[in-house]
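Dear colleague,

Please find the structure below for your files. My notes on what was found in it follow directly after.

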Amino acid sequence: MTQCVKAICLKAVDYLDNDKMLLLFGAENGKFSARIRGVRKAEAKLKFCAQPFCFGEYEVTEKGGRYIVTNCTEIESFSSVSRDVDAYYSACAMTEFCSAVLQENQPNVELFIQLALALKYLTEKQPKLVLIKFLLEGLKSSGFGLTFDKCDSCGSETFSSLSLNLTDGGVACNDCIGTGAVYQLTAAEVSCLNMIDQTPYERLNVLKFENRYNGMLAALSAYVEHLIKRINSLNFLF
């Protein structure tokens, strides 16, 4: 059975002598693995689609529950992210997040849209700012969303500080922290995260936070690690 799947390549690993195994994220198919044959040969015509971040219409054939890529039409390579260190590792963190949060063959159209948008804007805006926006949107689409204008436990909108609840998820004020693991946010981080959360990708350039990106990324990294999985690519951004 052959089908065409619009997908983004999350990961590519060498396989046997000339092949690669791809981890693809399809808009309607979710995450799935597919083998692409002969792509490591110098003259391989499909070499472009066996690169991480490639967004294409992949033609895949299923045989015995396994997928083989037989052709691909490129939609967007997003190759420009490789020209900037922060943009590259931000893109790696995005694809690693998707790989960690997605279940095999379980669609998540909203997360796919967020990934495509974030990759598009990575080289047009401050990369770390785009990554923070993606993580906030990605957490929402995966059921771990955060809000920064009130306490998730008591609903209070007047608080001296907020903390990320690393045990149960969400945010809590000082009165509702409890005994679980927490990551305390500064007042400035709460304000910045709230602004990023409410700003669309295309308008992120109006936000100027100077040296606050690493603090926000560290907080989100801790949150994702406790609730989902450690995102190793984030370590290269601090």
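This is a predicted model: local features need pLDDT of at least 70, side-chain atom pairs count only at pLDDT 80 or more; totals for chains, interfaces and linings use all residues.

I begin with the crossing of two helices. The axes of helix H3 and helix H4 (residues 187-197) cross at roughly 75° and come within 9 Å; an axis here is a line fitted to C-alpha atoms, for helices over the stretch in contact, and angles run from 0 to 180 degrees between N-to-C directions. H3 and H4 are therefore roughly perpendicular to each other (angles under 35 degrees count as roughly parallel, over 145 as roughly antiparallel, 65 to 115 as roughly perpendicular and the rest as oblique). By class, the contact of H3 with H4 has 5 nonpolar, no polar and 4 charged residues; Ala, Val, Leu, Ile, Met, Phe, Trp, Tyr, Cys and Pro count as nonpolar, Asp, Glu, Lys and Arg as charged, and the others, Gly among them, as polar. On the H3 side are Leu 129, Ile 132, Lys 133, Leu 136, Glu 137 and Lys 140, which meet Leu 193, Ile 196 and Asp 197 in H4 (contact means heavy atoms within 4.5 Å).

Residues are numbered from 1 along each chain as its sequence is written, and side-chain values use heavy atoms, with hydrogens and water left out. Helices (H or I, at least four residues) and strands (E, at least two) are DSSP runs, numbered from the N terminus.

Lys 140 and Glu 137 are separated by about one helical turn, because they stand 3 residues apart in helix H3 (residues 127-141). Glu 137 counts as buried at 14% relative accessibility, whereas Lys 140 is partly exposed, with a relative accessible area of 36% (buried means under 20% relative accessible area, exposed over 50%, partly exposed in between, with a 1.4 Å probe and protein chains only).

H3 also packs against helix H1 (residues 85-101), at an angle of about 10° and with the axes 9 Å apart. H1 and H3 are therefore roughly parallel to each other. The residues of this contact of H1 with H3 divide into 11 nonpolar, 2 polar and 2 charged. Among them are Ala 93, Met 94 and Phe 97 in H1, and Leu 131, Phe 134 and Leu 135 in H3.

A search of the whole structure finds 6 salt bridges. One of them joins Arg 40 to Asp 14, the closest N and O atoms being 3.6 Å apart. Arg 40 lies in the loop between strand S3 (30-36) and strand S4 (55-63) and Asp 14 in strand S1, so this pair ties together parts that are 26 residues apart in sequence. Arg 40 is partly exposed at 33%, and Asp 14 is partly exposed at 49%. Another salt bridge, at 2.7 Å from N to O, is formed by the side chains of Asp 19 and Arg 35. This pair links distant parts of the chain, with Asp 19 in strand S2 and Arg 35 in strand S3, 16 residues apart. Asp 19 is buried at 8% relative accessibility; Arg 35 is partly exposed at 22%.

Both arginines touch Leu 16: leaving aside neighbours within four places in sequence, Leu 16 is in contact with Arg 35 and Arg 40. Leu 16 is found in the loop between strand S1 (2-15) and strand S2 (19-26) and counts as exposed, at 56% relative accessibility.

Lastly, strand S6 (residues 162-165) pairs in the antiparallel sense with strand S7 (residues 171-173) over 3 bridges and with strand S8 (residues 182-185) over 4 bridges; two strands pair if DSSP finds at least two bridges between them. Leu 164 has Val 171 in S7 as its bridge partner, and Leu 162 has Leu 185 in S8. S6 and S7 form a hairpin with 5 residues between them, and Gly 169 in the turn has a positive phi of about 90°. From S6, Leu 162 and Leu 164 point one way and Ser 163 and Asn 165 the other way, and all are buried.

With kind regards

Methods. A salt bridge is a side-chain nitrogen of Lys or Arg within 4 Å of a carboxyl oxygen of Asp or Glu.
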